[in-house]
Amino acid sequence: MPKHTIIALVEDKPGVLNHMASLFRRRGFNIESIAVGRSEVPHLSRMTLVVNGGNTMVEQVRKQLDKVVDVVKVSDITSDKVITRELALIKVKATSSTRSEVMQIVDIFRANIVDVAADSVTVEVTGDENKIDSLLNLLRGFGIRELTRTGRIALTRGETKPLPVKKPPKAKGQKPTK
Amino acid sequence: MKLTGAQMIGESLVKEGVEVIFGILGGSLLPLYDVLPHYPQLRHILVRHEQGAAHAADGYARATGKVGVCLATSGPGATNLVTGIANACLDSVPMVAITGQVARPFIGKDAFQEVDITGITMPITKHNYLVMDAASVPETIKEAFHLARTGRPGPVLIDLPRDVQIDQAEFNYPSKPNLPSYKPILKGHPAQIKKAAKLINEAKKPVIIAGRGVIISAAFAELKELVEQAQIPLVTTLLGISCFPESHVLSYGMLGMHGMAYANMAVDAADLIIAIGMRFDDRATAKVSDFAPHAHVIHIDIDPAEIGKNVRVDVPIVGDVKAVLKELNKLIVAAKRIDWIRQLDDWRREHPSLVIRPGESLLPQYVIRQIYEVTNGEATIVTGVGQHQMWAAQHYWYDKPNTFISSGGLGTMGFGLPAAIGAKVGCPNDTVWCIDGDGSLQMTIQELATAVQEKVAVKIAVLHNNYLGMVRQWQEMFYGKRYVATPLSSPDFVKVAEAYGLPGLRVERREEVAPAIQQAMAEPGPFLIDFIVEPEENVYPMVPPGASLAEVLEEPEKKTKPKAVKDSAKLPVSNI
Ligand SMILES: Cc1cc2nc3c(=O)[nH]c(=O)nc-3n(C[C@H](O)[C@H](O)[C@H](O)COP(=O)(O)OP(=O)(O)OC[C@H]3O[C@@H](n4cnc5c(N)ncnc54)[C@H](O)[C@@H]3O)c2cc1C
Ligand SMILES: Cc1ncc(C[n+]2csc(CCOP(=O)(O)OP(=O)(O)O)c2C)c(N)n1
Ligand SMILES: [Mg+2]
């Protein structure tokens, strides 16, 4: 099934992630990854979702997300020009005899070694999913001890329209929590 | 000026034009209840169970079009609201539910009567808030009412910790909500409206399916103009009933599982479906893959997520029904469609769906027809859930706008009595009849006390069949007549009514029906009639589960039908 990339700008409130997660579960949407973090606007987070499914299903995901009041904007950017990245940290088994071979592979992928232990190295790699998958494939032979991936993050290339942004909360902490 | 959180709630509710609150207090709401007497504009109605508060607010909102408000304390008070909130959410009813919460320092500590009600109600509210400081009370209430009543209406919950009600802050009521990213689309896209008009003008066999969105939008006149101008036959969903006069020649009643046979046949044969403010619920469409197989579909709905959700749509129009129809009507060419309408009238004559068997036995359909006669078709009918609900939908002619109130999406037994109380409180000059089942009534029967204490003159007709009848019917038809857990004993409802302090009557014979209804109407206060009806009567027509609309089953005996009458759809009582 085709993969879709959806970007959502959401109010930075404790309940929002919960709300979205519950919506995916309830409507049976198949979400491959979610990555969330701060955006350029102080009280908004930008969320990148990778969704597996046909166009009708993905359209429902987009529309249902859009109905959540704390969601400011949702776009399906699958067919736009986009920059996508993912970060992975990979702990690979590396003995004295295999370490240099591992380091060579890491070099070719322009990845970094960020930690070295007696029998392993930890590799940091960024890129699109294909690049990370290929690196993983090569490292698998040495033995992967631990792996963590952030999931895809994405931005569209070029011009951006301004957002319908909520006035920032008044100085004396209106912090709506959920 | 500094006010306490509780005072700010009172002020804000008054500013929002609230007139009635249905609720039950408790420790976490004491600060708020303590200031209520300072706001005599806010009539508080004490219910007997919080589910009743939510349903009463729901009935009030449906009857008046205003936002219904209910109030419950933390913990069990809040969880008792849940069914009523879900009910309002599925039927797009504007409601604000306010719950007390434990004081802020206790949140998250499993404190006494603490539940995470914002977490619990997240999937069944349009939005909800946990207010964490007094200063944000006014803007929260402003936003809540705005969200509840605009766009696709729905319930909004506000959870108020006890200490937030006590804290003081400056009170400034905002004139507008601060919700820049919330912009419901009201005006339909002109190009889409043009496309729709073209399809309508070219259609040979169009059918309008009108739903609750027409009522929410109060687009009664605009819909009538479209129907008459373009001569398009109209059917409604269950919740669309009373959006269009049912005795109009172009009205063909309700479609769906218990819709009229000819309404379902019309939809099945149509070459164009114009769906207006309805969401293609599976009870309305029956087997969705076989729904209107020959038709293009135009769908007008305010919620973009409803479009294409269940049924493939050719021309989507996102917008408010009234605004869209105003534009669409300008592009409609007057038409006649004589053959198509004649075809439908033939079906209506050949498949009369509403004949009441003559004879001695007290049939539930007969009772409803008599209520129709005695009330001149001018009452507001509120129902429970089950067979009696379907008969109330079928056998009463709803000609007056917005006079049928029923739980459709959630199908909540127990909705009837509290919702009828809410409707009567909202529209005290209207006659309100609650048509309830013996099972449904027993789920919220305690609200009889509310009606008595608050002098709410609802009239209650219990269709007492000694069964959870709707389920019994399914057991009879699909489970080899094994009546497991459906035979139902009830208390003596007349004695129960009397014990609660309202008069009641038992009726067991046809000739007693009309006089009893007249007696109920003559009584100034609430009144209950216990109609002992035929126990194993079934609801027909019926589209069996999994079948398509075309496979509608008609009542077996009805094959012997009366001679053609002009509108045999709903035969007047005198013909029975
Ligand atoms: C025992 C039982 C049997 C039932 N049998 C049947 C049956 O035979 N036939 C049947 O039809 N139903 C039946 N129902 C009811 C069914 O479950 C649904 O509740 C019903 O079909 C929904 O009707 P609706 O789509 O008109 O209303 P709703 O569910 O209220 O949907 C309203 C739609 O209008 C839209 N809307 C709201 N406001 C506006 C506006 N201002 N402008 C534009 N659009 C707006 C909303 O977004 C929504 O899509 C039955 C229920 C029960 C309990
Ligand atoms: C709260 C709730 N519980 C269970 C059901 C399932 N149910 C649907 S109809 C029905 C029977 C209703 O019985 P009654 O109110 O006596 O109405 P009747 O069908 O006999 O007219 C039941 C149990 C429901 N809809 N709501
Ligand atoms: Mg019953």
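Which residue has a polar side-chain atom that lies 3.2 Å from an oxygen atom of ligand 1? In this predicted model, where local features need pLDDT of at least 70, side-chain atom pairs count only at pLDDT 80 or more, and totals for chains, interfaces and linings use all residues, side-chain values use heavy atoms, with hydrogens and water left out. Residues are numbered from 1 along each chain as its sequence is written, while chains are lettered from A and ligands numbered from 1 in the order in which they are written.

The residue in question is Asp281(B), and the pair falls under the definition of a polar contact (a pair of N or O atoms within 3.5 Å). Polar backbone atoms also approach ligand 1, that of Val321(B) being 3.0 Å from a nitrogen atom and that of Gly408(B) 3.1 Å from an oxygen atom. Of the 990 Å² that ligand 1 exposes when taken alone, the protein buries 97%, accessible areas coming from the Shrake-Rupley method with a 1.4 Å probe. The surroundings of ligand 1 comprise 37 residues, a residue being counted if one of its heavy atoms lies within 4 Å, and helix 9 of chain B provides the largest share of this shell, with 4 residues.

Around ligand 2 there are 17 residues, with Gln387(B), Asp438(B), Ser440(B), Gly469(B) and Met470(B) the closest. Oxygen atoms of ligand 2 lie 2.6 Å from a backbone N or O atom of Ser440(B), 2.9 Å from a polar side-chain atom of Asn465(B) and 2.8 Å from a polar backbone atom of Gly469(B). On its own, ligand 2 has 580 Å² of accessible area, of which the protein covers 76%.

Technical notes
Polar contact = N/O pair within 3.5 Å; in protein donor to acceptor, adjacent residues only side chain to side chain. Helix = DSSP H or I, 4+ residues; strand = E, 2+ residues; numbered from the N terminus.
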